[in-house]
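The following paragraphs lead through a few places in the structure shown below. Please keep the sequence at hand while reading.

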Amino acid sequence: MNHPLVPKRESPIQNFRDSTEYVLLTGATGLVGQFLLKELLMAGVRVAVLVRPSRRLSPQSRIELILQRWERDLGRLLPRPVILPGEVTSQRVGLGDSQFSWVAQNCSAIIHNAAVVSFEEEDLSREPWATNVKGTEYVLSLASDAGIREMHYVSTAFVCGDRQGVITEDELDCGQSFRNAYEESKFRAESLIRAQADKLDVTIYRPSVIAGDSVTGFTSSYHGLMLYLRLLDLLVPQQPRNAMGQHETPIELPMRGDEPHDLVTVDFVGRAIATLFCNPLAHGRTFHLCADQPTTFRDVIDWCCEIYNSGGVVYRGDCEDVTPTSEFSRLFFDQSRVYQSYNRCQTRFEMENLKRFCPGLHSPEIDEAMVRRFIHFGRRDRWGKARPKAPTCPPVSSDRIGAWISSHSGLRRKIAHHPLGIRLLGPGGGDYSATRGSSGEIQVTLGLPREHGELIDLPVAQLIESALHFDGLNNQTPDNLRQFA
Ligand SMILES: NC(=O)c1ccc[n+]([C@@H]2O[C@H](COP(=O)([O-])OP(=O)(O)OC[C@H]3O[C@@H](n4cnc5c(N)ncnc54)[C@H](OP(=O)(O)O)[C@@H]3O)[C@@H](O)[C@H]2O)c1
């Protein structure tokens, strides 16, 4: 029997795009971005990522950490994207001149996925407005300045605001009001992108509420369902038990309980966006990425009561508000205030475009076993507080790659006439081009060549082993490289 945490992953998706062009992906370090990046790299898409440093890690280390986790999970090596340090709230998204020229020469599409998922802010100069609206303006300017004509935007199904009933994919501005600054900022950003549809080929992806990975429970953000689970994990064990040994969690909820709760898993969202991106026939449309059969709040609450061995929930029906009747309910409402306006949501998102272009692709059904996986992962991750160790593998230097080419006479001859693409796979890897300079020297630059020339896929460990051998050194390959050799 498979261990429940050993993932069974689908095969790479088929890429129908021109495989010599790069896509610039924003938000690659976020929840959706990590899955999207993995799917794109596995499909053979050339990817450049715009990444800012975190407090502890450089952009390179952040991406390396993500990809080494995927490699352990998948049991295979992955290529590395071209990493462009930057951030979307600056002019030209913070790119220097040479990076901007590289983007203009090599990128034919942008997937703008970066956003701030924070619900409360009235001040338009701050988040989420700065990243979601101003940042989108800067991304659009970059596309215009760099001559990029294909724009993919990760929006949200909740640009529909407080509308109820059936929401179709081509609707946007229907005079709706918004529950919070996040919804409104995403609405404004999607409007800005759509307004460029005469100049750009625009494709919009609108996920509903995103939960963790259906297989491993992995998440990197604790919004929505994960916020509730974290809260219950903290509060329920502190509540007294009744004679049956059950935790008493008395709470009155202002809902019927059968309201739809449209949750999708992040593996589905990443796969759907990558599949549609890789199929040019699908472009130019809007895609709702939502649940076929949304669960209900009552389903999720019943599973949680079962998992935490607790009880005491009363559904008050269609009332506006309730007064907390216990310390447990007061704490619960205080901590989950930002989501309460979604309790009585009665929307259904039409998914005609997704059914047409990805028949058979559905978000896995969310059930009690999956919620248990989310909780299991959350606990191991200390609900977002665990700090993974920084990866120890710096990128291979251009000199090392040049030296490796020099040591192979066949390769030296090849690059006399055409550039050679070298895709270094695994920890420390990257995309490189090797050419001959005017005086015969080998020049190695970042990014694969645009021409349909020869491309070598080479595990980093293999390059290092052979270089060490060439240098006459032994046994000095770091362990994290040797395991992939
Ligand atoms: N999560 C959901 O339930 C949900 C539902 C529907 C739609 N969406 C949409 O899906 C997309 C991805 O969301 P997510 O859940 O993956 O969010 P996330 O986990 O919070 O990731 C957000 C990503 O955006 C990046 N980012 C934020 N501000 C930036 C800036 N100023 N410059 C550069 N990068 C910046 C973050 O970089 P750092 O790592 O450096 O912070 C991170 O990579 C967003 O557009 C969101 O609106 C999300």
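Asp-302 is a residue of helix H8, which spans residues 297-308. The model is a predicted one. With a relative accessibility of 43%, Asp-302 is classed as partly exposed, because that class covers values between the 20% limit for buried and the 50% limit for exposed. Asp-302 also belongs to a negative surface patch, together with Asp-299, Glu-306, Glu-365 and Asp-367.

Arg-55, Arg-56, Arg-230, Arg-382, Lys-385 and Arg-387 form a positive surface patch. One of these residues, Arg-382, sits in the loop that runs between helix H11 (368-380) and helix H12 (398-406). Is Arg-382 buried or exposed? Its relative accessibility is 52%, so Arg-382 counts as exposed; the cut-off for that class is over 50%, so the value of 52% falls in it.

Asn-180 is located in the loop between strand E6 (165-167) and helix H5 (181-194). The relative accessible area of Asn-180 is 10%, so this residue is buried, since buried means under 20%. Which partners does the side chain of Asn-180 have? One is the backbone nitrogen of Tyr-182, reached at 3.3 Å. Another is the side chain of Tyr-342, with which the Asn-180 side chain makes a polar contact at 3.1 Å. Asn-180 is thus a buried loop residue whose side chain contacts Tyr-182 through its backbone nitrogen and Tyr-342 through its side chain.

Technical notes. Residues are numbered from 1 along each chain as its sequence is written. This is a predicted model: local features need pLDDT of at least 70, side-chain atom pairs count only at pLDDT 80 or more; totals for chains, interfaces and linings use all residues. Side-chain values use heavy atoms; hydrogens and water are left out. Patches are made of residues with over 30% relative accessible area and no salt bridge: like charges are joined within 9 Å, nonpolar side chains (Val, Leu, Ile, Met, Phe, Trp, Tyr) within 5 Å. Accessible areas come from the Shrake-Rupley method with a 1.4 Å probe; for residues, only the protein chains shown count as cover. A salt bridge is a side-chain nitrogen of Lys or Arg within 4 Å of a carboxyl oxygen of Asp or Glu. Lys and Arg count as positive and Asp and Glu as negative; His and the chain ends are not counted. The place of a charge is taken as NZ of Lys, CZ of Arg, CG of Asp or CD of Glu. Helices (H or I, at least four residues) and strands (E, at least two) are DSSP runs, numbered from the N terminus. Buried means under 20% relative accessible area, exposed over 50%, partly exposed in between (1.4 Å probe, protein chains only). A polar contact is a pair of N or O atoms within 3.5 Å; within protein, one must be able to donate a hydrogen and the other to accept it, and residues adjacent in sequence count only if both atoms are side-chain atoms.
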